[in-house]
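Student: I would like to learn how to read a few features of a model. Can we take them one at a time?

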Amino acid sequence: MLDTALWISLALIVMALALNVYRLTIGPSLPDRLLALDTMYVNSIALIVLLGLWLNTKHYFEAALLIAMLGFISTVAVCKYLLRGDIIE
Amino acid sequence: MTHYVILEGVIAFFLIAGGAFAFIGSLGMTHLRDFYMRLHGPTKSTTIGIGCILIASMLYFWVTEGKPDIQELLITLFLFITAPVTAHLLAKTGLHLRLEHVEKTRGHPVELRREEVGEKPVPHPDKGHG
């Protein structure tokens, strides 16, 4: 039962990543692409957690936490740059 | 024995629910019509989806190793704190760049000035006379 659920969840997350790549490619404006990139960060965290479940190891959670922090910081930095023309004023 | 079967069912339910929520969020981001609508999908649905997947992972390692772990809860907490901040900054960026919006999303937040929601700048009433 757990194997089947893991396969279904992996398939859904991979389809979500494909949709994010589509929006990242065609996105008409810069904030659209930024939103797609931020969602890709979150979906890749989900993918890493599922990989940890698949391999039955807990070593991937530090990587997931690192990706979460880097995604948040980079999104905020690009937003500040677009809003103010500068990151640290 | 039945104890483990029930727990396995709960973990499987959380995994599938998380995947479905994340997929629906990305689907909304792809198919909605303007930026302010597209902002809704990832900020709410994808966040609850990854929360479900992390809860499933936490339950699985709790069951297999016998003791709870705080790391998954930490990731969940961090994502639930940062998602509204990111959404707020992205919405402000969209308003600042005056992105196109369809007719249905043309409401005005009361705390913003008229030029901040994409209309023509209005002169301040204290300036420009005399």
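**Reading the two chains**

Tutor: Chain A has three helices and zero strands. Keep in mind that this is a predicted model.

Student: What pattern does chain A follow along the sequence?

Tutor: The pattern of chain A, read along the sequence, is α-α-α. Among its contacts between residues at least 6 apart in sequence, 46% join residues at least 24 apart. Of the 89 residues of chain A, 44% count as buried.

Student: Which residues of chain A does the UniProt annotation "transmembrane region" cover?

Tutor: An annotation comes from a record and may be inferred rather than shown by experiment. For chain A, the unreviewed UniProt entry gives "transmembrane region" for residues 6-22, 34-54 and 60-83. The coordinates can then be read over these spans. Residues 6-22 of chain A are 100% helix and 0% strand, with end C-alpha atoms 24 Å apart. Residues 60-83 of chain A are 96% helix and 0% strand, and there the end C-alpha atoms lie 35 Å apart.

Student: Which residues of chain B are listed for "transmembrane region"?

Tutor: For chain B, UniProt (unreviewed entry) lists residues 6-25, 46-64 and 70-91. In chain B, residues 6-25 are 100% helix and 0% strand, with 29 Å between the end C-alpha atoms. Residues 46-64 of chain B are also 100% helix and 0% strand, and their end C-alpha atoms are 27 Å apart.

Student: Next, a charged residue. Where is Asp34(B) found?

Tutor: Asp34(B) sits in the loop between helix H1 (2-31) and helix H2 (35-38) of chain B.

Student: Is Asp34(B) buried or exposed, and what is the nearest side chain of opposite charge?

Tutor: A salt bridge requires a side-chain nitrogen of Lys or Arg within 4 Å of a carboxyl oxygen of Asp or Glu. Asp34(B) is buried and has no salt bridge; Arg38(B), the nearest side chain of opposite charge, is 6.6 Å away. The side chain of Asp34(B) does reach the backbone nitrogen of Met37(B), at 3.1 Å.

Student: And the cysteines: how many disulfides are found over all chains?

Tutor: A disulfide is a covalent bond between the sulfur atoms of two cysteines. A search of the whole structure finds zero disulfides over all chains.

Student: Why does Cys79(A) count as buried?

Tutor: Buried means under 20% relative accessible area. Cys79(A) counts as buried because its relative accessibility is 1%. Cys52(B) has 11% relative accessibility, so Cys52(B) counts as buried as well.

Methods
Residues are numbered from 1 along each chain as its sequence is written. Chains are lettered from A and ligands numbered from 1 in the order in which they are written. This is a predicted model: local features need pLDDT of at least 70, side-chain atom pairs count only at pLDDT 80 or more; totals for chains, interfaces and linings use all residues. Side-chain values use heavy atoms; hydrogens and water are left out. Helices (H or I, at least four residues) and strands (E, at least two) are DSSP runs, numbered from the N terminus. Buried means under 20% relative accessible area, exposed over 50%, partly exposed in between (1.4 Å probe, protein chains only). Lys and Arg count as positive and Asp and Glu as negative; His and the chain ends are not counted. A polar contact is a pair of N or O atoms within 3.5 Å; within protein, one must be able to donate a hydrogen and the other to accept it, and residues adjacent in sequence count only if both atoms are side-chain atoms. A disulfide is a pair of cysteine sulfur atoms within 2.5 Å. Contact means heavy atoms within 4.5 Å.
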